[in-house]
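Subject: Structure for your files

Hello,

Below is the structure you will be working with. My notes on what was found in it follow directly after.

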Amino acid sequence: MAREIKVMIVDDSAVVRRVMSTILERDPGIRVIATAHDPIFAIEKMRRDWPDVLTLDIEMPRMDGITFLGQLMAERPTPVVICSSLTTAGAETTLQALAAGAVAIISKPGLGVGSFLEDSSDNLIAAVKAAARANMKAVQRGVRTAVRSSPVTPRLAMAQTTERLVAIGTSTGGTVALEALLTELPRVSPGIVIVQHMPEMFTAAFAARLDGLCEISVQEAKNGQRVLPGQALIAPGGKHMQLARSGAQYLVEVKDGPPVNRHRPSVDVLFRSVAKYAGKNAMGVIMTGMGDDGARGLKEMHDAGAYTLAQDEATCIVYGMPREAVKLGAVDRSLPLAALATAIMSGPRPRRDLE
């Protein structure tokens, strides 16, 4: 029988602490061992009984969550799920927390927190379980990469053709992994379309952060926007993104729709449209994330002639989505995170030469 996951909740709201405790303890595999209203009080409790997963607010008295997260990752790396207010002003702060080592985000509104968390109980439980399985060595490597990140100079081979297109799907741990990947790409990269599981309103801040770090342009996608070389378009949170074609030009359609595989945006939705409209001109990349979203879509891309890559287990924070894609026979090659940029720029290898 699997060992239960020990969780500590750190939040200055008594309502949030109480509701989250109730939700998490409904799952027989989770036990809330303690709660704390600020990080200083939390660390005293943690020394007595160290949790497997920490849920952490950002804005708290005495010490903010990001400062605490930085200290935690430097001294004793522990999986952290950020529970942050869903506001545009707080989006950049939450992205800083992800760069500092948090493995997932649970959004909470400024009002009606109790009912909101109840409505999001499945997501909260899933995030905690995914965090408990996180590869903390990969998290630490990602944190070191994020600290060093700065605009880079082109150092990879030129793209073979502007008709090439790269579709990327990722979830838990993906914000750090995408930063590590995209900052390695030169301006001559093929056009890139990305689904990162992320709440509504966070994707714009995430894209803006990456745009400031990367040689390529990174934008939150808009409906009807063209896919261009040297540019990455990230699906907006809360919307599906699909590839379409107008003559020789690729463009994206951003639209509402029901969640697919419990996600909106869904990687499967993007990958299936890429299989249909780009076929063998596309490359698919599935990266760190829980669940199986994207696995079947990547198989459709593979069967349509696209060249497909997966981030390998050793460098994934959560080896869920890539594992399921490999199981389906959807993946041509599994590569470490550090090798993906070179593979993207090198282009497809003939399948008879695959390792």
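The secondary structure of the protein chain consists of 13 helices and 14 strands. Please keep in mind that this is a predicted model.

Overall figures: the protein chain has 355 residues, and 58% of them count as buried. Among the contacts in the protein chain with a separation of 6 or more, 73% are between residues 24 or more positions apart.

Cysteines: the disulfide count is zero, using a cut-off of 2.5 Å between cysteine sulfur atoms. Cys83 is buried, at a relative accessible area of 2%. Cys214 is also buried, and its relative accessible area is 9%.

Helix 2: this helix runs over residues 39–48, and its buried residues are Pro39, Ala42, Ile43, Lys45 and Met46. These residues lie on the same side of helix 2, because the arc they cover around the axis is only 165°. Arg47 and Arg48 are exposed on the other side of helix 2.

What covers the buried residues of helix 2? Strand 1 (5–10), strand 2 (30–36), strand 3 (53–56) and helix 3 (65–75) are included in that cover.

Which residue caps the N-terminal end of helix 2? That residue is Asp38: one of its side-chain oxygens lies 3.2 Å from the backbone nitrogen of Ile40.

Regards

Terms used: Residues numbered from 1 in each chain as written. Predicted model: local features only at pLDDT ≥ 70, side-chain atom pairs only at ≥ 80, totals over all residues. Heavy atoms only, no water. Helix = DSSP H or I, 4+ residues; strand = E, 2+ residues; numbered from the N terminus. Buried < 20%, exposed > 50% of the residue type's maximum accessible area, 1.4 Å probe, protein only. Contact = heavy atoms within 4.5 Å. Arc of directions from axis to C-beta. Polar contact = N/O pair within 3.5 Å; in protein donor to acceptor, adjacent residues only side chain to side chain.
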